[in-house]
Amino acid sequence: STGPAHLADALGKKGIVIYCKRRMSCVKHWGTQSSKIINLEVSEEHCGKFCSSDKEICDIENGISVDEVLKNIILEE
């Protein structure tokens with residue numbers, strides 16, 4: 001759910017949100033526009049390889065490494 005990200009955005013808080021690359025779950029549809037929120041998206045290659053097109057199988061939790069998240073945090077500071 002992106003609800004917490006939009007609440008954080010409205011309150012001016014920093015945050016990181018990880019999105020699926022699928023059309024209706026992607027940053028383009030649900031991402032925030034705030035400079036305080038980091039929008040990360042799982043690669044299309046990962047989704048195509050590990051997720052089913054009907055979304056019954058989703059591997060978003062393995063789509064972005066902890067190192068990549070930390071790298072984005074450091075870049076924002």
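A word on conventions: residues are numbered from 1 along each chain as its sequence is written. Because the model is predicted, local features need pLDDT of at least 70 and side-chain atom pairs count only at pLDDT 80 or more, while totals for chains, interfaces and linings use all residues; side-chain values use heavy atoms, with hydrogens and water left out.

**Overall fold**

Let us start with the whole chain. Its secondary structure comes to four helices and two strands, where helices (H or I, at least four residues) and strands (E, at least two) are DSSP runs numbered from the N terminus. Along the sequence, these elements follow the pattern α-β-α-β-α-α. The radius of gyration is 13 Å, close to the 11 Å that the globule rule gives for 77 residues, so the chain is as compact as a globular protein of that length. That radius is taken over C-alpha atoms, and the rule is 2.2 Å times the number of residues to the power 0.38. Taken along the principal axes, the C-alpha atoms fill a box of roughly 35 × 25 × 15 Å.

Of the 77 residues, 32% are buried; buried means under 20% relative accessible area, exposed over 50%, and partly exposed in between (1.4 Å probe, protein chains only). Contacts (heavy atoms within 4.5 Å) also say something about the fold: among those with a separation of 6 or more, 42% join residues 24 or more positions apart.

**Surface and charge**

The chain exposes about 5600 Å², and carbon and sulfur atoms supply 54% of that area. Accessible areas come from the Shrake-Rupley method with a 1.4 Å probe, and for residues only the protein chains shown count as cover. There are 10 positive and 12 negative side chains, and the centres of the two sets lie 6 Å apart. Here Lys and Arg count as positive and Asp and Glu as negative, with His and the chain ends not counted; each charge is placed at NZ of Lys, CZ of Arg, CG of Asp or CD of Glu.

**Nonpolar cores**

A nonpolar core is a set of buried Ala, Val, Leu, Ile, Met, Phe, Trp, Tyr and Cys residues joined through side-chain atoms within 4.5 Å. The largest one has eight residues: Cys20, Ile38, Leu40, Val42, Cys47, Cys51, Ile64 and Val69. One of its members, Ile64, is in contact with Ile18, Leu40, Glu41, Val42 and Val69, leaving aside neighbours within four places in sequence. A second, separate core has five residues, including Ala5, Ala8, Tyr19 and Ile37.

**Selected residues**

| Residue | Relative accessibility | Class |
|---|---|---|
| Thr32 | 5% | buried |
| Cys26 | 8% | buried |
| Asn72 | 17% | buried |
| Lys55 | 44% | partly exposed |
| Gly48 | 56% | exposed |

The contacts named below do not count residues up to four places away in sequence.

Thr32 sits in the loop between helix 2 and strand 2 (37-41). Its partners are Ala5, His6, Asp9, Tyr19, Ile37 and Asn39, and among these Ala5, Tyr19 and Ile37 belong to the second core.

Cys26 is in the loop between strand 1 (15-19) and helix 2 (27-30). This cysteine touches Tyr19, Cys20, Lys21, Gly31 and Glu41. Its C-alpha atom is separated by 13 Å from that of Ile38, 12 residues apart along the chain.

Asn72 is part of helix 4 (residues 66-76). Asn72 touches Ile38 and Leu40, both of which are members of the largest core.

Lys55 is found in the loop between helix 3 and helix 4. Lys55 makes contact with Arg22, Met24 and Ser25. Lys55 and Arg22 are 33 residues apart in sequence, yet 8.6 Å apart in space, C-alpha to C-alpha.

Gly48 lies in helix 3 (residues 44-50). Gly48 and Ile16 are 32 residues apart in sequence, and their C-alpha atoms are 23 Å apart in space.
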